[in-house]
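The following exercises are to be worked with the sequence and the coordinates at hand. Each task is followed by a solution in steps.

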Amino acid sequence: MVSFIIDGKKVEAEAGANVLQVARKYGIVIPTLCCHESVAPSGACRLCVVEVKKGKRTRIVTSCLYPVDEGIVVETKTDRVLNVRRLVMQLLMARCPESEVLKDMAKEMGIEPQPAFHPDTDKGKCVLCRLCVKACEDVVGASAIGLSGRGKNKKVGAPFMEDSKTCIGCGACAYICPTEHIIMESTDSKRKIWGRTFKMQPCDKCGRYFAPVDQLKFISDKTGTPMTELAVCMSCK
Amino acid sequence: MKTAKAKKITVKDIIKKYGGDKTAMIAILQDVQEEFRYLPKAALSSISKQMEVPLTRIYEIATFYNAFSLKQRGKNLIEVCAGTACHVQGAARLMDRMERDLAIKCGETTKDKMFSLEEVRCLGCCSLAPVVRISGNIHPNLTQDEVPKILKNY
């Protein structure tokens, strides 16, 4: 256990925990986009910056990655922190001008778009946080999508920007995307994502369409569970 | 033209050369590019299958580095240096002339697959500016009048 100060409050936390986790436990609000419990933090969105004083030095760090330490002093709402956060938010808004999520977040934080930042028109709503890629690789294990290119050409998609061959249609990427960039269109028996249309499996008992056939095949291959057992939906099991 | 079958053998050999080491991916891609002058889609899929690395990861690496090309290149690669020294000494004029004589734009390949034209940043010999490298040969202090003569030699 280590003890340190956050926003003037003395707190205790398990060694190895990150500042963001501890702050949330004590009810301190820090805005984030790329933080998700199922995926290891990466510090991609940089909205979670806080000021940390360790010894004589005070610096701005991403709270999702900064491990707590004995005697540090964390400030989450100083002018310096809010200035950095405002700039990050304005840059994100300039990249994704049509993102409602960002607009709402900015409104809540009292941030106006910076008129000097010329808005991008070709980036969609993607903030390149990599959550979808990591969910696909680490959580699902399909590795169907990735980031390609670099700098201003960097974008998310399947290899060669073609219809993904390894995608199983699980929709984890669309679910985890913080800015609703990845679009999944669903009707009862079909689901469209990454340029492909997936056939949905109806439940053997209630007949409700509940998961893509490809996803069930993938799970069956991985776990060795026969398809007949998987063809029953969660509520009928 | 190499057939698809011949391609697979080469890719396999290259992977074998590095003992299937996943951390040697960049070296493997470089060797594949040397063999085919670009990174063919089939080769990347083959590497992915044989080394059990997701294709997305390989595509990420291949698109990150400018040295890798996913587009087919011609027999001779023309690299016009546009580094600071060459730029000041008129690299843009050389590029214009190349584009005009070859009837292609920068980043394209001629119809007969003889030449590919690319712009690079600094070949590391600024005292020879403006410099052009064609298939590994350095052509120093080039003026645009000399361009047709040099291209004829290839």
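A residue is called buried if 20 or more other C-beta atoms lie within 10 Å of its own, exposed if 12 or fewer, and partly exposed in between. The model is predicted. The predictor gives the complex an ipTM of 0.83 and a pTM of 0.83.

**Exercise 1. Residues with a positive phi**

Task: Determine whether C122(B) is buried, partly exposed or exposed, and locate this residue in chain B.

Solution. Step 1: C122(B) lies in the loop between β2 and β3 of chain B. Step 2: its phi is positive, about 50 degrees, although C122(B) is not a glycine. Step 3: C122(B) has 15 other C-beta atoms within 10 Å, so it is partly exposed.

Task: Repeat the classification for M161(A).

Solution. Step 1: M161(A) belongs to the loop between β7 (155-157) and α5 (172-176) of chain A. Step 2: here, too, a residue other than glycine has a positive phi, near 55 degrees for M161(A). Step 3: because 13 other C-beta atoms lie within 10 Å, M161(A) is partly exposed.

Task: Which residues does the cis peptide bond in chain B join?

Solution. Step 1: the bond joins A129(B) and P130(B), with omega at about -5 degrees. Step 2: P130(B) is found in the loop between β2 and β3 of chain B.

**Exercise 2. The architecture of chain B**

Task: Describe the elements and domains of chain B.

Solution. Step 1: chain B contains seven helices and four strands. Step 2: read from the N terminus, the order of these elements is α-α-α-α-β-α-α-β-β-β-α. Step 3: the domain assignment divides chain B into domain 1 (4-64) and domain 2 (76-152). Step 4: the centres of domain 1 of chain B and domain 2 of chain B, taken over C-alpha atoms, are 29 Å apart. Step 5: along the principal axes, the C-alpha atoms of chain B fill a box of roughly 50 × 30 × 25 Å. Step 6: the mean pLDDT of chain B is 89, and 94% of its residues reach 70 or more.

**Exercise 3. The sheet of chain B**

Task: In what order do the four strands of the open sheet in chain B lie, and why is one side of β2 and of β4 left without a neighbour?

Solution. Step 1: the order is β2-β1-β3-β4 (chain B), with mixed pairing. Step 2: β2 (115-120) and β4 (137-139) of chain B are at the edges and have a single partner strand each, so one side of each lacks a neighbour in the sheet. Step 3: neighbouring strands of this sheet are turned by 20 degrees against each other on average, direction ignored. Step 4: strand β3 (residues 132-134) of chain B runs antiparallel to β4(B), and three bridges join them. Step 5: R133(B) has I138(B) in β4(B) as its bridge partner. Step 6: helix α6 (residues 91-102) of chain B packs on the sheet and touches β1 (76-81), β2 and β3 of chain B. The direction of helix α6 of chain B makes about 150 degrees with that of β1(B).

**Exercise 4. Strand pairing in chain A**

Task: Identify the antiparallel partners of β3 in chain A, given below with their bridges.

Solution. Step 1: chain A has seven helices and 11 strands. Step 2: six bridges join strand β3 (residues 49-54) of chain A to strand β4 (residues 57-62) of chain A. In this pair V50(A) stands opposite V61(A). Step 3: two residues lie between the strands of the β3(A) and β4(A) hairpin, where G55(A) adopts a positive phi near 65 degrees. Step 4: β3(A) also runs antiparallel to strand β5 (residues 73-75) of chain A, with three bridges. K53(A) stands opposite V73(A) in β5(A).

How values were computed
Residues are numbered from 1 along each chain as its sequence is written. Chains are lettered from A and ligands numbered from 1 in the order in which they are written. This is a predicted model: local features need pLDDT of at least 70, side-chain atom pairs count only at pLDDT 80 or more; totals for chains, interfaces and linings use all residues. pLDDT is the predictor's confidence in each residue, from 0 to 100. Domain bounds come from an automatic or database domain assignment. Two strands pair if DSSP finds at least two bridges between them. Axes are lines fitted to C-alpha atoms, for helices over the stretch in contact, and angles run from 0 to 180 degrees between N-to-C directions. Two residues are in contact if their C-beta atoms, placed from the backbone, lie within 7 Å.
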